[in-house]
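The report below takes them in turn.

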Amino acid sequence: MNNINIPKKLNIKTIENSDGTVVPFIYSNLLNRYNDKIIHGYATRLGGVSRGYLSSMNFGVERGDTEENVAENHRRFAQALGYDEKRLIFSKQYHTDHVRNCTEADAGIGFSKENPILDTDGYITDTKNLPLMVFYADCVPILFYAPDVNAVAAVHSGWKGTVGKIGPKTVQKFVNEYKADKSKLICCIGPSICKDCYEIGREVAERFYDIAGKDEEILSYDGNDKFHVSLQRAIRKTLIEEGMLPENIEISNACTSCNHEILFSHRKSNGLRGKLGAVIMIRE
C-alpha cells in the first residue's frame, strides 16, 4: 500500500485497527454529517490479504479467492468501520430493480447464514446494528439515509438497475415502509465507472433515451454506433424526479476505471478483479 499513490481529491479515510492492520475506505461528505447516527463506507482494494489480481480487499470467493482470505478481509473492514461482519446482509446481486425490507431475522444472511435472497439488488431497514452491504466493481453502489425516521438502504445499480429505476424505487420504499419525507432523504452515488470510461452500444443506449432526453451529460453519441453514458447523472436525475432534493444527493468523484490501482474495475481489468463492498448501518 505504501507504493500506491492515493489521489488527494478522493474522500479517503484510513483507519488503523487494534491489531495494526490499516484499512483505507471512501466516505461521503453528506452521510458523514450523520456520523453519530450511522456507519458507512466504500471499500477500496487496499488493506486486505487477497493476492494477485484479487489484491487485496476482495469480498467474494466467486472469482477464485479462498474463504479464509475473504473472511479476513470482511473482518478487517468491519473492525475499521465499527460493525459486526457476522451480522452482514448481502446477496449475489442480479441486476434487478428489487429492494428487500430487512429485519433482525435477516441478520447474517449472506455472510454467516445460508442466503435465501434471490432476485434482489437493494436492501432497506430501520433496524439498528444491522449492516447492509452491496458489491461493486464499475456498477454504482448507492447508500441512503432517512434522518427523519432513522432508516438506511444500500443499493447496487448497474445499467439495468439504473434504467429499471432501482434508486427511485428505493425512495418509494422509504416513504411507503417507513413514512420518510423525500425532501429530507440523503444519498451518496458511490465510486463507479465514469462517463468517459463507460462506452456502450446502441442497444443499451436506447434504454437510456427516456432518462437522458437531450442531456448529453448523461448520454452522448460518438459515432459508429458507440455511446458514452453517465450512470451517476442518470441515477441523480431519476432520484430528483422521484422527489429528492438536488442538494441531498452526492456523486462520488472516484471512478473505478480511472483509479484502478485502488479500486477494482471490471472493464479496466477485462474481468480479472475482485469485489468491492459498500456498507451502511444504523448505530445502536
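What follows covers the model, the sheet and its helices.

## Basis

This is a predicted model: local features need pLDDT of at least 70, side-chain atom pairs count only at pLDDT 80 or more, and totals for chains, interfaces and linings use all residues. Residues are numbered from 1 along each chain as its sequence is written, and side-chain values use heavy atoms, leaving out hydrogens and water.

Helices (H or I, at least four residues) and strands (E, at least two) are DSSP runs, numbered from the N terminus.

## The sheet

Six strands make an open sheet, ordered β4-β5-β8-β7-β9-β13, with mixed pairing. Two strands pair if DSSP finds at least two bridges between them. β4 and β13 (249-251) are the edge strands, each pairing on one side only. On average, neighbouring strands are turned by 15° against each other, direction ignored.

β9 (residues 186-189) and β13 run parallel, joined by three bridges. Here C187 stands opposite I249 of β13.

## Helices on the sheet

α4 packs on the sheet and touches β4, β5, β7 and β8 (contact: heavy atoms within 4.5 Å). The direction of α4 makes about 160° with that of β8. Axes are lines fitted to C-alpha atoms, for helices over the stretch in contact, and angles run from 0 to 180 degrees between N-to-C directions. α7 also packs on the sheet, touching β7, β8, β9 and β13. Its direction makes about 175° with that of β13.

## Inside α4

Buried residues (under 20% relative accessible area, 1.4 Å probe, protein chains only) of α4 include I166, P168, F174 and Y178. The buried residues of α4 pack against partners including α3 (159-163) and α7 (231-241). After α4 comes K179, with a positive phi near 65°.

Terms used
Buried means under 20% relative accessible area, exposed over 50%, partly exposed in between (1.4 Å probe, protein chains only).
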